Amino acid sequence: MRAVVLSNEQNIKFLNENFINTWVLNTDMKRLRDAKKIEHPLASTIIHAWKKHSPVDCLIISPTLELMGRQPVNELLAQGYFALAQNYHTFLVEALARKLPGVQRDN
């Protein structure tokens, strides 16, 4: 996915202008989810947004730590290789517009 989505100049510019990019390993997600008490609001948002069994989830989280968008990579890839970069850009734009793309889906 990175080779297509992050090689697109439009996506790179949009990401750099609007987001802080970070990542969490799935092994850390399991450990966090299995913890009895999660006190940090960011960790709580990530845990509740993570799609179980998904190898990678793109999450958009607001400065107030609210989930604004979720895109499991397998679902993005299923949309087709040629549309990948544009579909990812649409996901980012919709998340910033607070349309909550992917948030309504079940984990």
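1. Let's start with Ile60. In this predicted model, and leaving aside neighbours within four places in sequence, Ile60 is in contact with Phe19, Glu66, Leu67, Met68, Gly69, Phe91, Leu92 and Ala95. Two of the names there, Phe19 and Phe91, will come back below.

2. Now for the core around these residues. The largest nonpolar core has 15 residues, and those touching the most other members are Leu15, Phe19, Ile60, Leu84, Tyr88, Phe91 and Leu92. Two or more residues each come from α1 (2-5), α2 (9-18), β1 (57-61) and α6. Helix α6 is the top contributor, giving six residues to this core.

3. It is worth looking at the rings too, as the structure holds two aromatic pairs. One of them joins Phe14 and Phe19, with 6.1 Å from centre to centre and 55 degrees between the planes, a tilted arrangement. Both Phe14 and Phe19 are buried.

4. The other pair is Tyr88 with Phe91: the ring centres are 6.0 Å apart and the planes meet at 40 degrees, so this pair counts as tilted. The cut-offs explain the label, because planes under 30 degrees apart would be stacked and those over 60 edge-to-face.

5. Where do Tyr88 and Phe91 lie? Both sit in helix α6 (residues 84-96), three residues apart, which is about one turn of the helix. Tyr88 is buried, as is Phe91.

Conventions:
Residues are numbered from 1 along each chain as its sequence is written. This is a predicted model: local features need pLDDT of at least 70, side-chain atom pairs count only at pLDDT 80 or more; totals for chains, interfaces and linings use all residues. Side-chain values use heavy atoms; hydrogens and water are left out. Rings of Phe, Tyr and Trp (its six-membered ring) pair if their centres lie within 6.5 Å; planes under 30 degrees apart count as stacked, over 60 as edge-to-face and the rest as tilted. Buried means under 20% relative accessible area, exposed over 50%, partly exposed in between (1.4 Å probe, protein chains only). Helices (H or I, at least four residues) and strands (E, at least two) are DSSP runs, numbered from the N terminus. A nonpolar core is a set of buried Ala, Val, Leu, Ile, Met, Phe, Trp, Tyr and Cys residues joined through side-chain atoms within 4.5 Å. Contact means heavy atoms within 4.5 Å.
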